[in-house]
Amino acid sequence: MPRADAAVRKQLEIEAASRGWPALHAELAQVDPPTAARLAPNDSQRIGRALEVFRLTGTPMSALLDQPQTALPYRVLQLALIPSDRAVLHWRIATRFEAMLDEGLIDEMQKLRRMPGLSADLPAMRAVGYRQAWAYLDGDIDLKGLREQGLAATRQLAKRQLTWLRSWPDAVTLDALSADLETRAFSRVGHHLASDAGSVST
């Protein structure tokens with residue numbers, strides 16, 4: 001799968017701003033029917049990525065995903081850092097969000113809104129923090145609402161990320177809040193490398 005291409009993405013965002021995502025979804029249906037069939041007409045992020053892949057490779061994303069995957073010649077160690085205390089996680093989220101506000105989130109959004117072609121419907125503008133700052137500048141919410149909605153959205157994002165990490169079938173879970181996290185991580189890596197070396201020598 002090709003890496004993201006800033007120029008292609010920018011062009012797609014410009015086209016979406018003038019034509020709308022449903023029109024780009026219809027375009028996707030012409031070049032990659034299987035992918036278009038599973039996406040909603042306003043799923044801008046996935047529609048944009050699928051069109052980006054096609055424009056970069058000339059091959060539908062669905063066809064690339066159907067290609068057989070080559071097995072890696074080594075075992076991968078997957079470490080999942082999951083905090084054991086949700087209260088601490090929420091405190092850190094709140095601290096980080098306040099820092100974003102203190103460091104100029106609203107000023108940054110004001111500058112972005114003046115850029116041609118940008119709208120609240122673009123994927124980048126729907127990121128946590130940006131979406132709430134946009135609503136604040138539109139007058140839809142006040143500063144208190146910006147904080148509350150931003151914190152709630154960040155907590156929901158963190159919850160989804162933790163659920164995703166816990167779903168990894170072979171992941172080794174480490175407590176992200178552990179005082180000896182670094183030592184535990186290096187120990188796991190050392191054990192993994194030693195077991196791999198032993199299997200090769202035998």
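Leu162 makes contacts with Ile82, Pro83 and Leu89, when residues up to four places away in sequence are left out of the count. The model in which these contacts occur is predicted. Leu162 belongs to helix H9, which spans residues 143–166. Its relative accessibility is 14%, so Leu162 is classed as buried, the cut-off for that class being under 20%.

Leu118 and Ala16 are separated by 102 residues in sequence, while their C-alpha atoms are 10.0 Å apart in space.

Ala16 also takes part in the packing of helix H1 against helix H2. Two packed helices are described by the angle between their axes and the distance between the axes. For H1 (residues 6–19) and H2 (residues 21–31), the axes come within 7 Å and the crossing angle is roughly 120°. H1 is therefore oblique to H2. On the H1 side the contact is formed by Leu12, Glu15, Ala16 and Arg19, and on the H2 side by Trp21, Ala23, Leu24 and Glu27. By residue class, the contact of H1 with H2 comprises five nonpolar and three charged residues, with no polar ones.

One aromatic pair is present in the structure. The pair consists of Trp164 and Trp168, whose ring centres are 5.0 Å apart and whose planes meet at 85°, so the arrangement is edge-to-face; the angle required for this class is over 60 degrees. The two residues fall into separate accessibility classes. Trp164 has a relative accessible area of 53% and is exposed, whereas Trp168, at 23% relative accessibility, is partly exposed.

The protein chain has a mean pLDDT of 89, and 97% of its residues reach 70 or more. Among the elements of the chain, helix H6 (residues 86–102) has the highest confidence, at 95, and helix H10 (residues 181–201) the lowest, at a mean of 83. Where pLDDT is low, the predicted coordinates should not be read in detail.

Technical notes: Residues are numbered from 1 along each chain as its sequence is written. This is a predicted model: local features need pLDDT of at least 70, side-chain atom pairs count only at pLDDT 80 or more; totals for chains, interfaces and linings use all residues. Side-chain values use heavy atoms; hydrogens and water are left out. Axes are lines fitted to C-alpha atoms, for helices over the stretch in contact, and angles run from 0 to 180 degrees between N-to-C directions. Helices (H or I, at least four residues) and strands (E, at least two) are DSSP runs, numbered from the N terminus. Angles under 35 degrees count as roughly parallel, over 145 as roughly antiparallel, 65 to 115 as roughly perpendicular and the rest as oblique. Contact means heavy atoms within 4.5 Å. Ala, Val, Leu, Ile, Met, Phe, Trp, Tyr, Cys and Pro count as nonpolar, Asp, Glu, Lys and Arg as charged, and the others, Gly among them, as polar. pLDDT is the predictor's confidence in each residue, from 0 to 100. Rings of Phe, Tyr and Trp (its six-membered ring) pair if their centres lie within 6.5 Å; planes under 30 degrees apart count as stacked, over 60 as edge-to-face and the rest as tilted. Buried means under 20% relative accessible area, exposed over 50%, partly exposed in between (1.4 Å probe, protein chains only).
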